[in-house]
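Biologist: I'm new to this one. Could you walk me through how to read its salt bridges and cavities?

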Amino acid sequence: MKFQIEDVTVYFPYDHIYPEQYSYMIELKRALDAKGHCLLEMPTGTGKTIALLSLITSYTLSKPSNPVKLLYCTRTVHEMEKTLAELKLLHKYQLDNIGPSARMLALGLSSRKNLCINPDVVSAENRDSVDAGCRKLTASWVRALAIENPNIPTCSFFENYEKAGSDAVLPPGVYTLQDLRMFGKEKGWCPYFLARHMVQFANVVVYSYQYLLDPKVAGIISKEMQRESVVVFDEAHNIDNVCIEALSVSVRKQTLEGATRNLNKMAQEIDRFKATDAGRLRAEYNRLVEGLAQRGNLPLGDTWLANPALPDDILKEAVPGNIRRAEHFLSVLRRLVQYLKGRLDTDNVEKEGPLTFVNAVNSHVGIDQKMLKFCYDRLHSLMLTLEITDTDEFLHIQTICDFATLVGTYTRGFSIIIEPYDERMPHIPDPVLQLSCHDASLAIKPVFDRFQSVVITSGTLSPIDLYPRLLNFNPVVSRSFTMSLTRDCICPMVLTRGSDQLPVSTKFDLRSDPGVERNYGRLLLEMVSVVPDGIVCFFVSYSYMDAIVNSWNETGILKEIMQRKLVFIETQDVVETTLALDNYRKACDCGRGAVFFSVARGKVAEGIDFDRHYGRLVIMFGVPFQYTLSRILLARLEYLRETFQIKEGDFLTFDALRQAAQCVGRVIRSKADYGMMIFADKRYTRHDKRSKLPGWILSHLRDAHLNLSTDMAVHIAREFLRKMAQPYDKTGGGGKKTLLSQQDLEKMNGSEGIMF
């Protein structure tokens with residue numbers, strides 16, 4: 001269908017549109033017109049992605065004089081593929097309606113691991129090994145040697161791509177990662193470098209958050225993007241954590257031992273070069289004297305991760321004299337590594353700011369702030385000079401230089417925390433030194449400053465007024481949408497006590513109480529006998545899940561549950577979890593029904609959907625607070641209180657409830673779907689906790705469902721499931737329409753025209 005929103009003709013590839021999708025598009029257009037940033041919360045399963053893509057591509061089509069580029073950021077490769085599949089459908093519809101003028105180039109960009117088609121390289125087990133395998137075949141010096149000696153292996157795909165030169169382009173169309181690999185095989189070109197090159201010309205680019213938020217990656221990939229771009233962060237409820245991780249570094253004993261090995265190897269290389277090609281080291285020294293830390297435009301195969309500090313904070317000046325010579329630089333790094341080893345050898349927890357730390361480094365080993373600041377660029381230059389290709393073996397020394405550069409650049413918003421052991425396992429010494437960033441606004445500031453519109457959207461952004469404070473920006477539009485439904489297909493309940501009237505909670509003093517464990521087990525047992533198909537349970541942590549499952553096993557509750565449904569458990573191993581999920585789905589498909597035990601801050605809570613019969617009920621056992629004794633969390637809370645006046649309790653509750661909402665939101669993935677949500681903890685009855693849940697859950701949470709015991713919850717579940725089994729009118733015939741056709745929209749627009 002196509003319809004007008006003010007001066008834009010929107011092309012929408014389906015026959016009907018939800019009212020909230022239409023409202024969402026109107027708000028999004030306001031933000032684009034104002035060239036400002038916006039925050040939009042839209043319930044899961046209401047077609048957020050297609051609404052975004054339709055409006056922004058149609059907006060560009062209606063304003064051909066100044067086209068807008070769309071940078072769409074997702075969290076996982078799976079979400080990226082889903083977005084590109086939606087875009088394919090939309091693009092086909094636009095071509096059918098408008099013809100060739102609607103042509104566009106859209107592509108996904110991911111790491112070499114997901115795009116490489118050279119079988120020798122891509123077979124490596126992890127991402128770093130694939131990157132290094134690629135560099136061994138494509139670095140400029142390897143290729144130069146291969147011209148003289150044909151026995152030296154190179155990558156035929158990269159060579160063909162280079163030979164094609166300016167002819168190596170992608171024709172217009174929408175390319176998923178699979179399509180890029182197919183196209184590369186067909187042409188004999190390398191899809192990774194082709195995609196990297198085409199990103200600057202594409203109308204739509206779909207990639208991961210890191211490509212914009214992590215300065216190391218953004219410096220290479222996103223620096224060419226034009227200002228007239230709209231950036232969309234989808235599923236952005238955890239965006240503050242992503243920003244913080246991008247600027248945090250942790251150093252362990254293993255890192256320092258690895259760094260020492262790296263330094264020894266580099267010292268050998270320098271000696272070898274001195275004997276065979278001293279001119280190369282001299283040329284590097286002269287270049288650094290002239291103040292050129294980088295060699296201008298590097299050949300494609302040599303590009304490296306960029307500086308870990310943000311672009312505006314990098315000094316535009318020459319490398320300090322005392323680290324220009326390669327051997328001097330290595331001795332500086334050795335002293336730094338030695339100093340860090342000494343700091344890790346402690347029995348007490350230590351916490352200090354970057355300034356104190358830099359002063360201590362200077363007084364103990366004579367390395368000043370400026371030398372620290374240039375560590376990363378100087379290492380980069382040295383590794384290019386020494387022609388090192390197996391970069392995966394040099395990750396340790398890179399981490400040390402990352403740490404040095406960040407600690408030398410920033411004085412506010414960071415802490416250095418040294419912990420001799422993990423508090424949860426005090427008898428195992430595992431010292432770690434962490435440079436932890438507390439200010440999420442640091443990493444995202446360049447994005448807000450550089451692009452004209454940034455859209456932050458997710459199903460859980462409540463309370464919506466906290467995000468502008470955390471990320472330090474002023475949105476022009478900030479809205480939360482509710483879900484228009486023909487029937488009440490969501491049934492949230494708050495369970496506060498068991499059938500024996502004992503309160504249930506995962507508060508620290510109550511969680512291991514046998515009464516609470518028994519009541520949680522009884523709740524699940526009762527639900528297993530009432531609810532058909534799949535049930536998903538979320539626990540507050542892996543350790544709590546282990547403890548409670550053990551306790552259920554000893555008391556025989558687990559055996560009774562397994563007589564009714566099969567039980568699958570998420571573990572910290574990705575392969576095991578994937579296998580458990582597959583089998584869980586099989587059990588639901590064949591009618592046997594299953595229960596999936598998962599963790600609120602694990603992998604499953606973030607990216608896996610339990611739609612339709614895979615999730616008819618989700619139980620959230622407890623409130624998923626972060627581990628509140630974590631030193632890093634305490635330092636961050638202190639910073640938030642002092643800088644943004646956000647109280648500790650407010651932030652912790654907000655963080656726990658966005659996680660809980662994310663978990664329970666997994667069961668509703670479309671409007672035809674239905675599911676129940678049980679919040680099993682007496683603390684959810686408190687207004688300050690409950691009010692931080694998203695509006696679309698709160699609007700269905702009746703007062704009668706707020707203080708339930710197990711037997712009452714079972715009764716409500718029976719009634720709800722009976723009601724859901726009845727046939728219903730999908731378009732919402734009687735009262736409010738929940739599916740709008742083109743005629744409905746024209747009528748609405750017509751009546752609005754009369755009103756104004």
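Modeller: Let's start with charges: the structure holds 44 salt bridges. By that I mean a side-chain nitrogen of Lys or Arg within 4 Å of a carboxyl oxygen of Asp or Glu. Keep in mind that this is a predicted model, where local features need pLDDT of at least 70, side-chain atom pairs count only at pLDDT 80 or more, and totals for chains, interfaces and linings use all residues. Residues are numbered from 1 along each chain as its sequence is written, and side-chain values use heavy atoms, leaving out hydrogens and water.

Biologist: Which side chain does Lys671 meet in a salt bridge?

Modeller: That of Glu20, at 2.9 Å from N to O. Lys671 sits in the loop between helix H29 (648–664) and strand E20 (675–680), while Glu20 is in helix H1 (residues 19–33), so the pair ties together parts that are 651 residues apart in sequence. Helices (H or I, at least four residues) and strands (E, at least two) are DSSP runs, numbered from the N terminus.

Biologist: Is Lys671 buried or exposed?

Modeller: Buried, with a relative accessible area of 10%. Glu20 is buried too, at 4%. The cut-offs are under 20% relative accessible area for buried and over 50% for exposed, with partly exposed in between (1.4 Å probe, protein chains only).

Biologist: And what does Arg658 pair with?

Modeller: One partner is Asp240, with the closest N and O atoms 2.9 Å apart. Here Arg658 in helix H29 is linked to Asp240 in helix H13 (residues 239–246), 418 residues away. Asp655 also forms a salt bridge with Arg658, at 2.8 Å between the closest N and O atoms. Asp655 and Arg658 are three residues apart in helix H29, so about one helical turn separates them. Arg658 and Asp240 are both buried, and Asp655 is buried with a relative accessible area of 1%.

Biologist: How many cavities of 30 Å³ or more are there?

Modeller: Three. On a 1 Å grid over the protein atoms alone, a cavity is a set of points where a 1.4 Å probe fits but cannot get out, and lining residues have an atom within 4 Å of a point. Points are joined across faces, edges and corners, and the volume is the space filled by probe spheres set on them. The largest cavity has a volume of about 90 Å³. Of its 13 lining residues, the closest to the centre are Cys116, Asn118, Cys134, Cys155 and Cys190.

Biologist: Which elements give two or more residues to that lining?

Modeller: Helix H6 (127–138), helix H8 (156–164) and helix H10 (191–198).

Terms used: On a 1 Å grid over the protein atoms alone, a cavity is a set of points where a 1.4 Å probe fits but cannot get out, and a pocket is an open set with protein on both sides within 12 Å along at least five of seven lines; lining residues have an atom within 4 Å of a point.
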